[in-house]
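Please look at the sequence and the structure below.

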Amino acid sequence: MTHGIIPPYLLRRIARLDDAKYAVAAHAARVALEHDKRFRSVRFDLGFDENNDLVATLVDAPDRTISDAAGTMTIPGSPVRREGNDPTGDPAADEAYDGLGATFALYSEVYGRNSIDGAGLPLDATVHYGDLYDNAFWDGERMVFGDGDGEIFTRFTASLSVIGHELAHGVTQYTAGLVYRDQSGALNESISDVFGALVEQYSRGQTVADATWLIGEGIFTAEVEGSALRSLRAPGTAYDDDVLGKDPQPAHFDDYIQTDEDGGGVHLNSGIPNRAFYLVAESLGGNAWEHAGQIWYDAINGPTLTARADFAQFAAATVAAALERYGAQSAEVAAVIDGWTGVGIPPLPPQVAGST
Amino acid sequence: MPAELTITVARSGGFAGLTRTWSLSAALDDSGELLDLVNACPWRRVQSDAVSRDRFVYLITVRAPRKHRTARVPEASLTGPWKLLVERVQQEHPAPSPTRTPPRSS
Ligand SMILES: [Zn+2]
């Protein structure tokens, strides 16, 4: 079996093959060309069947472009690595490329989603944005990464969970569309943390018990007393530093923070749904991306979740998703109810939730 | 005490959710150029940014006798005089320790 990205000209050449020996491959190539006239990127798995005929299988594949802003705040900057190109040797560009690939793999292989929009949207990122820029963000179309100031933060591409977090903002934009303020904003943030953590766990093959559950591990310099920016397992414990202070994330709804800053504390109150997800995953054990991740993925794609959903409404959406996929008597439904109850947001029992 | 002009910039949001604050104070008599910059900013017409996620938001406050202005400017709109004003405040007062949003429980 060989893997490779087939460029469009080669796909067209394969599609024209007359030889019966290549009939299947030629058909697959024609399907690919017809299926997507804008032709983006498809992975072709080539092999031989029992009759020794060439068989081509089309698989979704990412279409990545990494650009370099070279220390300016101009987006997108100059392309430095396109899909299928060799590594550049620049760690930021190569980490972004690999991180987008790992994130694409989780959505495609586990949830059957082809990119951010579910329809093969190209994945674009800009690295080396700004001068000593202490941030990474999603601008509605692309992921943008700064190099950090070198005193508190190093480059933001150094953590796969950060890359997964940014791309998940794109997925939320195309699905639940959660408004970036107050509780719906904290949910938007939490969904990015959850899938950022899952990208890292899936990529490393880590179970619930093996995983760090940290967001942004490795982006603090050695000067900072802390392992990461956030912890899903134990919100409020990621760092405790003389300069930064202590990680202020709440882990329970009783400690919800009211503030005007940060869109109503979207990066703070996300600790509450983050902890709920961890509790569900811990209860179910094994690989968190399988059942717990599937339930959360179903919830953001579900029909009932509104853009201004609060924690209780999102909790109800996850119960409904677990009920739909695993059944009322399942361990999954029980784990989801217990998880939310554990952070002070007890959902209605499923039969009641189902009838309202 | 001579009348003073104080400009404060609080940058919140961002992936880390850390708030960082800078401020500048100057005697009002010596602040002609700075006041021109303040007056050049479109205080009542700040473009909002509903699409970006994890970007910084700048809370900019100007205080002087009989003058109190405040605006919340998303990073995407921090251009022109806004950018010059924020850079001026950041230069004047080299970045102190960043702090997280002070938690105030409900
Ligand atoms: Zn975010």
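A:His128 is buried, with a relative accessible area of 17% (buried means under 20% relative accessible area, exposed over 50%, partly exposed in between, with a 1.4 Å probe and protein chains only). This is a predicted model, in which local features need pLDDT of at least 70 and side-chain atom pairs count only at pLDDT 80 or more, while totals for chains, interfaces and linings use all residues. Residues are numbered from 1 along each chain as its sequence is written, chains are lettered from A and ligands numbered from 1 in the order in which they are written, and side-chain values use heavy atoms, with hydrogens and water left out.

A:His128 is found in strand S6 (residues 123-129) of chain A; helices (H or I, at least four residues) and strands (E, at least two) are DSSP runs, numbered from the N terminus. Phi of A:His128 is near 55°, a positive value in a residue other than glycine. Most residues other than glycine have a negative phi, and most peptide bonds are trans. In chain B, B:Asp54 has a positive phi too, near 70°. B:Asp54 lies in the loop between helix H1 (32-40) and strand S3 (56-64) of chain B, and is buried with a relative accessible area of 0%.

Back in chain A, the peptide bond from A:Ile75 to A:Pro76 is cis, with omega near 10°. A:Pro76 belongs to the loop between strand S4 (64-68) and strand S5 (78-82) of chain A.

Now to the helices. Helix H3 (residues 91-111) of chain A packs against H5(A) at an angle of about 85°, with the axes 9 Å apart; axes are lines fitted to C-alpha atoms, for helices over the stretch in contact, and angles run from 0 to 180 degrees between N-to-C directions. H3(A) and H5(A) are therefore roughly perpendicular to each other (angles under 35 degrees count as roughly parallel, over 145 as roughly antiparallel, 65 to 115 as roughly perpendicular and the rest as oblique).

Helix H5 (residues 182-204) of chain A also packs with helix H8 (residues 291-301) of chain A, at an angle of about 140° and with axes 11 Å apart. H5(A) and H8(A) are therefore oblique to each other. Their contact (heavy atoms within 4.5 Å) is made by A:Ile191, A:Val194, A:Phe195 and A:Leu198 of H5(A) and A:Gly293, A:Trp296, A:Tyr297 and A:Ile300 of H8(A).
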